[in-house]
Amino acid sequence: MMNAVDVVASAFVLGIILVSLLSNVSVLICFLYNPEIRKQVPGLFTLNLTFCNLLQCVSNMPLTLAGLVTTGHPGGSGFCQLVGFLDTFLTTNAMLSMAALSIDRWVAVVFPLSYHSKIRHRDAVIALGYTWIHSLCFSTVATCRSWVGYNHLYASCTLCSASAKGGELQFVIFTVALHSLTFLLTLIVLCVTYLKVLKVARFHCKRIDVITMQTLVLLVDIHPSVRQKCLDEQRRRRLRATKKISTFIGTFVVCFTPYVVTRIVELFCPGPISPHWGVLTKCLAYSKAASDPFVYSLLRHQYRKTCSLLVNRILKRSPLNSSSNTSNVNTTSNLQAPVNKTVGQ
């Protein structure tokens, strides 16, 4: 019999599955529909991240939902081993893809003139190859050592200390190495790269502010409402980059930190951990798959325009400025400078 907490958790997981499927499929459709998005190097990292999120939606999340509903172990041990392999592989791959996206944006902002020579499709393919090899190594070792199984604490098939009887020390070393070389490494890369991006963005904002103030001083006859509007735009410009960088780092920390910390505490503290807390941390980790499409793709101007065109085509609308919209979608990346394009993502 499900209790109230399990019902709420089940509804939460179901909502995450629906939002993740819709948002990630939307990103995939935009990628396939718009050739300009496909030409961009970051599009490869976004596509890989979307691929990982979609597989999470159809493999790990439904099994967790089934475990909450049935309050037991859904499926056989072989099936659980496969899902546990995917859990480790997809989570690791998604984290490293976020690190790759942050490095790409750092290069685009700090080295805008040489960006296209420093970051090419070949470099992106090499980076993706590393993320896959890195993820496959950890997930394969865990599966071959039979360290994955149904973990009741998280109501999912994942790394399970109960499956490591006789090899507890090796399991501890493996788990610490896994989270250090995925979560911690990605967090450091995100903080270093995005803080450098923020520093450059603030520098450009100061330059624009100086020009704006000089212009306002020269225009002595300007209307007070226009002057106030310029000052308000200054304040919004200062906050815009900070909010976007905070979103990139904040969603990663909020979604993954509770789960990783609980994993580490589980290794070194013999005391029992509440299953409700374990399920909550796993749901937070799943929620990253639902937020990623908005953080990295759908809120960008290029994706919004593409979605608008697709909706108009489905509804067979013929807006007056449809030709203008189409031209804007196809030329957005060429018209925008690398710095503006990167900060706006």
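Predicted model: local features only at pLDDT ≥ 70, side-chain atom pairs only at ≥ 80, totals over all residues.
Local features were taken where pLDDT is at least 70 and side-chain atom pairs only at pLDDT 80 or more, while totals for chains, interfaces and linings use all residues. Residues are numbered from 1 along each chain as its sequence is written, and side-chain values use heavy atoms, with hydrogens and water left out.

Helices here are DSSP runs of H or I with at least four residues, strands are runs of E with at least two, and both are numbered from the N terminus. Buried positions in α7 are Ala 124, Leu 128, Thr 131, His 134, Ser 135, Phe 138, Ser 139 and Ala 142. Buried stands for under 20% relative accessible area, exposed for over 50%, and partly exposed for values in between, with a 1.4 Å probe and protein chains only. Just after α7, Ser 146 adopts a positive phi of about 55 degrees.

The unreviewed UniProt entry lists "transmembrane region" for residues 12-33, 45-69, 89-113, 125-148, 171-197 and 245-265. Such annotations may be inferred rather than shown by experiment; their positions follow the numbering used here, and feature names are shortened. In the model, residues 45-69 are 96% helix and 0% strand, with end C-alpha atoms 35 Å apart. For residues 89-113 the figures are 88% helix and 0% strand, and the end C-alpha atoms lie 36 Å apart.

Asp 104 is found in helix α5 (residues 77-110) and, at 3% relative accessibility, counts as buried. Leaving aside residues up to four places away in sequence, Asp 104 touches Val 41, Pro 42, Phe 45, Tyr 115 and Ile 119, where contact means heavy atoms within 4.5 Å. Lys 118 is 14 residues from Asp 104 along the chain, and their C-alpha atoms are separated by 9.5 Å.

On the surface, Phe 12, Trp 277 and Leu 280 form a nonpolar patch with about 270 Å² of accessible area together. Patches consist of residues with over 30% relative accessible area and no salt bridge, joined within 9 Å for like charges and within 5 Å for nonpolar side chains (Val, Leu, Ile, Met, Phe, Trp, Tyr). The areas come from the Shrake-Rupley method with a 1.4 Å probe, and for residues only the protein chains shown count as cover. Phe 12 belongs to helix α1 (residues 4-33) and is partly exposed, at 36% relative accessibility.

With a salt bridge defined as a side-chain nitrogen of Lys or Arg within 4 Å of a carboxyl oxygen of Asp or Glu, the count comes to 5. Among them is the pair Glu 36 and Lys 39, at 3.6 Å from N to O. Glu 36 is buried at 11% relative accessibility, whereas Lys 39 is exposed at 54%.

In helix α9 (residues 224-268), Glu 266 and Arg 263 are likewise 3 residues apart, about one turn of the helix. Their side chains meet at 3.8 Å, N to O, and Arg 263 is buried, with a relative accessible area of 3%. Helix α10 (residues 275-298) holds Lys 288 and Asp 292, 4 residues apart, whose salt bridge spans 2.3 Å from N to O. Lys 288 is buried at 1% relative accessible area, and Asp 292 is buried at 2%.
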